[in-house]
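Here is a short report on a sheet and on charged side chains. Have the sequence and the structure open while reading.

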Amino acid sequence: RYTTSHPNDMTQGLIDAHRTVEKLMPFLHLPVQSGSDRVLQAMNRSHSRDSYLRILERVRARRADGYHELETLFAFVADGDTVTLEPGPLSLTITGPFAHGLSGEGDNLVTRAARAFADRFGVPVGGAFTLDKHLPVASGIGGGSADAAAA
């Protein structure tokens, strides 16, 4: 059954429907990707930290102590992507079973993260990255975000 919606689509009507429509799960999956607007923007997310918190306030009732109940699940997987870096000009080679779903240059999260790091800290951008892609592209399990963080 349906459990997840993009934060921009999380209307009060959808929240209420999760309580009353049998085809919907009686809970919501709201993936927290970052508590930083700067990081969310760098991840090309169109929602802000505050808009996400407003969703949580509507979904969960405020307790007597002023806090909201949240349930968090962390999953550790044995398989994952591997990012390696060698000296050289900025480049990206993508290998692995899910390499076909990504382009090797341009707008990849790994090269974007490397450029953002260089810009933020005033260092030359560079490095020959290899991304060995073992997680499905756009699967929602954080492979791309973790790849960018590793870069």
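## What counts as a salt bridge

A salt bridge is a side-chain nitrogen of Lys or Arg within 4 Å of a carboxyl oxygen of Asp or Glu. Side chains of opposite charge can pair when their charged atoms come close. The model is predicted. It holds three salt bridges.

## K133 and its two partners

K133 and D147 meet through their side chains in a salt bridge, at 3.4 Å from N to O. K133 lies in the loop between β5 and α5, and D147 lies in helix α5, so the pair ties together parts that are 14 residues apart in sequence. K133 is buried, because its relative accessible area is 3% and the cut-off is under 20%. D147 is buried too, with a relative accessible area of 6%.

K133 also forms a salt bridge with D81. Here the closest N and O atoms are 2.5 Å apart. This pair links distant parts of the chain, 52 residues apart. D81 sits in the loop between α3 (49–59) and β3, while K133 sits in the loop between β5 and α5 (143–150). D81 is buried, as is K133.

How do the salt bridges that share partners join D81, K133 and D147? They join these residues into one network.

## The R49–D50 pair

R49 and D50 form another salt bridge. Their closest N and O atoms are 3.0 Å apart.

Are these two residues buried, exposed or partly exposed? D50 has 40% relative accessibility, so D50 counts as partly exposed. R49 has 38% relative accessibility, so R49 also counts as partly exposed. The cut-offs behind this are under 20% for buried and over 50% for exposed, with partly exposed in between.

## The three-stranded sheet

Three strands make an open sheet in the order β3-β5-β4. The pairing is mixed. The edge strands are β3 (82–86) and β4 (91–95), and each pairs on one side only. From one strand to the next, the twist averages 20°.

β3 pairs with β5 (residues 128–132) in the antiparallel sense. Five bridges make up this pairing. Within it, E86 stands opposite A128 in β5.

## Sheet and network together

D81 is in the loop between α3 and β3, and K133 is in the loop between β5 and α5. β3 and β5 pair with each other, and D81 and K133 form a salt bridge.

Key: Residues are numbered from 1 along each chain as its sequence is written. This is a predicted model: local features need pLDDT of at least 70, side-chain atom pairs count only at pLDDT 80 or more; totals for chains, interfaces and linings use all residues. Side-chain values use heavy atoms; hydrogens and water are left out. Two strands pair if DSSP finds at least two bridges between them. Helices (H or I, at least four residues) and strands (E, at least two) are DSSP runs, numbered from the N terminus. Axes are lines fitted to C-alpha atoms, for helices over the stretch in contact, and angles run from 0 to 180 degrees between N-to-C directions. Buried means under 20% relative accessible area, exposed over 50%, partly exposed in between (1.4 Å probe, protein chains only).
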